[in-house]
Amino acid sequence: MLGSNVRPAVARFWAPVVGRLAKAGVTPDMVTITGTVGAVASAVFLIGNGWLFWGSFAVTVFVLLDMLDGALARARGGGSVWGAVLDSTGDRAADAAIFGALVWWYSGDGDNRLLVLLALVCLVLGILTSYIKARAEGVGLACDVGVVERTERLILVLVGAGFTGLGIPYAVHAALWVLLVGSAVTVGQRFLAVRRAAAGRPLPVPPSPPAP
C-alpha cells in the first residue's frame, strides 16, 4: 500500500544522483547487487550480533539505495527482464537476512524464544505474500492487494528493531505482532483476489516443443 506512494518520493530524493551515475557508466544491476549485499551484510553482522539500532539504520540505507536501480534503469533507457529477476531475488535475500538475523540474535544472547517464533512466522508469511503474487502473475493474473506489502514489512521490522536498540522496551515485540497479523491478512486477501480472478479460467497450456 505504501510502496506506490513511497517510491515517487524516493525517486525525487535520488534524482540528482541518477544522472551522474548513468554518465559514469554505473548500471542498475551494480546498484541492485550493492544494495542487496549491503543489506544482507548489515543484517547478519549488526542485527545478528545485537546491534539492533545501527543494524536497522544500515539496512535502511542500503534498502533506499536498492530503490535507486529502477530510476537508473529508466535513465538508461529502460530495464531488462534479467534486472527485474535480479532485483526481486535480492529483495527476498535481504528480507530473509533481516528476519534470520533476528532469529539468530534472539535464539542466542538475546534469549527470547517468543521473538524467535514471531520472527520465523513473519518470515514465512512474507515469503507467502511474495510467492502468491509472483505465481499469480506467472499465470496472467494481477495480484496487488494487501495491507502489508514489502514496504510496510520493512518499516515495521526495522523501526521496531531500531527502537529496541535505543532501549525502548517491547518495540520489536509490538512491531512483529502487528506485522504477523497484517501479513496473515495480506495472505488471505491475495488468496481471495486470485480465487476471484481465476474463477472459470483454465491453467494456461505451455507451448509444445518443436518436433525433432
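**Close-up 1. Surroundings of Asp66 in the predicted model.** Once neighbours within four places in sequence are left aside, Asp66 is in contact with Thr32, Gly35, Thr36, Asp87 and Asp91. In this predicted model, Asp66 belongs to helix H3, which covers residues 52-66. The relative accessible area of Asp66 is 8%, and because buried means under 20%, Asp66 counts as buried.

**Close-up 2. The annotated binding site at Asp66, Asp69 and Asp87.** The "binding site" feature at Asp66, Asp69 and Asp87 comes from an unreviewed UniProt entry. These residues are spread over 22 residues of sequence, yet they cluster in space, with a largest C-alpha distance of 8.4 Å. Of these residues, Asp66 is included in the lining of the second largest cavity.

**Close-up 3. Surroundings of Asp87.** Asp87 lies in helix H5, which covers residues 81-106, and touches Thr32, Asp66 and Asp69 when residues up to four places away in sequence are not counted. Asp87 has a relative accessible area of 19%, and since the limit for buried is under 20%, Asp87 is also classed as buried.

**Close-up 4. Segments annotated as transmembrane regions.** An unreviewed UniProt entry assigns the annotation "transmembrane region" to residues 39-65, 114-134 and 154-187. Over residues 39-65 the chain is 78% helix and 0% strand, and the C-alpha atoms at the ends of this segment are 10 Å apart. Over residues 114-134 the chain is 100% helix and 0% strand, with the end C-alpha atoms 30 Å apart.

Conventions: Residues numbered from 1 in each chain as written. Predicted model: local features only at pLDDT ≥ 70, side-chain atom pairs only at ≥ 80, totals over all residues. Heavy atoms only, no water. UniProt positions renumbered as here; feature names shortened; annotations may be inferred. Helix = DSSP H or I, 4+ residues; strand = E, 2+ residues; numbered from the N terminus. 1 Å grid on protein atoms, 1.4 Å probe; cavity = no way out; pocket = protein on both sides within 12 Å on 5 of 7 lines; lining within 4 Å. Buried < 20%, exposed > 50% of the residue type's maximum accessible area, 1.4 Å probe, protein only. Contact = heavy atoms within 4.5 Å.
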